[in-house]
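Please open the structure in the viewer and keep the selection panel at hand.

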Amino acid sequence: MKRFRSRQMVVTIQGTSIKKIVTLAVLGWMMMFTVVGVMTSLKPEYRITSSSVNSVTNHFPEETFIHLFSFENHYFLQSLPKERQNISYSSILLRMITSINPDDPRSLLGSELPGFALYDSKIVVAGEGTDYTNMPYESAPPLEVMLAEREASIENLEKADQDQDKQPVPPPTKTTGGRKVVYIYSTHTYESYLPALKGANDPDQAFHRTVNVTKVGQKLQEELEKRGIGAVESTVDVQQKLSEKGMDYAQSYDMSRQVVMQAMGQNRDLQYLIDIHRDAQRRKFTTATINGVSYARVAFIVGGENANYEKNLQLATQLHQLLQKKYPGLSRGVIEKKGRGTNGKFNQDLSNNALLIEFGGVDNTFDELFRSAAAVADVFSEHYWQAEKVQAPASDPPQKQ
């Protein structure tokens with residue numbers, strides 16, 4: 001009879017090793033709870049959020065992320081030009097610490113020179129002659145300037161309206177069937193134009209209670225209707241409501257937001273939101289001559305701080321490209337605005353199809369403005385019907401017998 005002895009392995013662990021492991025585990029848990037406690041007890045403005053992470057990553061140049069991807073796939077690095085394949089970590093560190101971009105002097109001058117922050121905007125798509133020295137901007141006058149009584153040239157406005165009505169527009173082959181799909185409004189309702197105001201020469205005086213950008217909105221609505229697109233132009237005086245509620249000019253978008261949301265709640269057919277504004281730039285930057293006829297140039301402004309940024313940017317870019325094709329030089333381009341000194345949303349977070357369009361500048365006439373309104377309606381209708389065709393559901397396949 002054979003006997004088998006099992007072999008046993010004895011492992012000895014010193015008591016000090018166990019104590020170290022337990023101590024490290026306890027300290028790790030305490031540190032984790034401490035960090036979590038500090039983060040959750042901070043005031044909301046100091047907590048880490050997606051927007052704060054986005055703000056930090058904005059300081060990194062695009063090449064930084066391509067370099068990160070290249071650790072896994074070298075193809076990404078090869079896709080860059082040779083002069084951009086080397087990355088400067090000192091430059092990135094400087095941008096993170098000081099928010100100064102060595103490649104863009106505006107990042108330094110904007111914080112040092114009063115008013116220079118106006119040029120913090122980004123030109124996404126540049127129109128003819130558009131650069132950082134002549135980008136659209138809006139002046140914010142004292143309330144008493146806007147509310148001041150000024151005599152307007154009603155005769156010129158009526159003549160411009162009649163002249164535009166003489167321009168033939170073929171009857172539409174398609175219509176929205178009575179549905180109002182476009183909502184037109186003006187956040188800065190009193191923005192006006194010097195040629196329409198008697199005795200006004202100073203750009204800071206280009207404001208009027210009735211003869212203003214809302215007339216351009218009305219004309220755009222009429223031109224869209226001529227092309228079969230149902231549109232409604234808001235009759236709400238946003239600036240008057242501000243005055244009634246004791247709110248200041250900087251709160252204009254808060255007020256117009258209420259107006260737009262109410263309109264959207266009352267009409268579920270609304271698909272597009274268009275906010276009409278007037279630029280403060282002078283005539284040489286805001287006027288184009290096309291086929292011997294002068295037009296007020298337009299600019300598309302996209303808020304860089306709204307959830308629908310990509311969709312709104314795509315829409316503005318497509319309309320800019322259509323204008324470039326049919327009315328060369330009419331569009332000044334697509335401008336992104338965000339950061340301090342601007343709203344950054346412009347109510348564009350309310351819709352994937354929200355536009356802010358600057359029609360002309362302080363020196364443009366209503367003749368020029370109404371021509372531009374017709375041109376914008378022309379390309380908008382082309383875009384709209386094409387989009388409707390793409391989105392239309394395919395016909396049902398034939399049923400098998």
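The expected span of a helix is 1.5 Å times one less than its number of residues. Helices (H or I, at least four residues) and strands (E, at least two) are DSSP runs, numbered from the N terminus. The model is predicted: local features need pLDDT of at least 70, side-chain atom pairs count only at pLDDT 80 or more, and totals for chains, interfaces and linings use all residues. Residues are numbered from 1 along each chain as its sequence is written, and side-chain values use heavy atoms, with hydrogens and water left out.

**The whole chain**

Of its 401 residues, 41% are buried (under 20% relative accessible area; exposed means over 50%, and partly exposed lies in between, with a 1.4 Å probe and protein chains only). The chain exposes about 23,900 Å², of which carbon and sulfur atoms supply 55%; accessible areas come from the Shrake-Rupley method with a 1.4 Å probe, and for residues only the protein chains shown count as cover. Among contacts (heavy atoms within 4.5 Å) with a separation of 6 or more, 76% are between residues 24 or more positions apart.

**Helix α9**

Next, select residues 213-226, which form helix α9. Its 14 residues should span 20 Å at 1.5 Å a residue, and the end C-alpha atoms are 20 Å apart, so the two values agree. Buried residues in α9 include Val213, Val216, Leu220 and Leu224. After the helix comes Gly228, with a positive phi near 85°.

Now display the side chains of Glu223, Lys226 and Arg227, which are linked in a network of salt bridges. A salt bridge is a side-chain nitrogen of Lys or Arg within 4 Å of a carboxyl oxygen of Asp or Glu. Glu223 meets Lys226 at 3.3 Å, N to O, and these two residues lie three apart in α9, about one turn of the helix. Glu223 also meets Arg227, at 2.8 Å, N to O. Which members of the second pair are buried? Both Glu223 and Arg227 are. Glu223 has a relative accessible area of 1%, whereas Lys226, at 26%, is partly exposed.

**A bridge between α13 and α14**

The structure holds 11 salt bridges. For another of them, select Lys326 and Asp378, whose closest N and O atoms are 3.1 Å apart. This pair links distant parts of the chain: Lys326 lies in helix α13 (residues 309-326) and Asp378 in helix α14 (residues 366-391), 52 residues apart. Lys326 counts as partly exposed because its relative accessibility is 37%; Asp378 counts as buried because its value is 16%.

**Helix α11**

Move to residues 252-266, helix α11, whose end C-alpha atoms are 22 Å apart, in agreement with the 21 Å that its 15 residues should span. Colour its buried residues: Ser252, Tyr253, Met255, Ser256, Val259, Val260 and Ala263. They cover an arc of only 160° around the axis, which puts them on the same side of α11; the arc is that of the directions from the helix axis to the C-beta atoms. Which elements do the buried residues of α11 pack against? They pack against β2 (182-185), α10 (238-245), β4 (272-277) and β9 (354-359).
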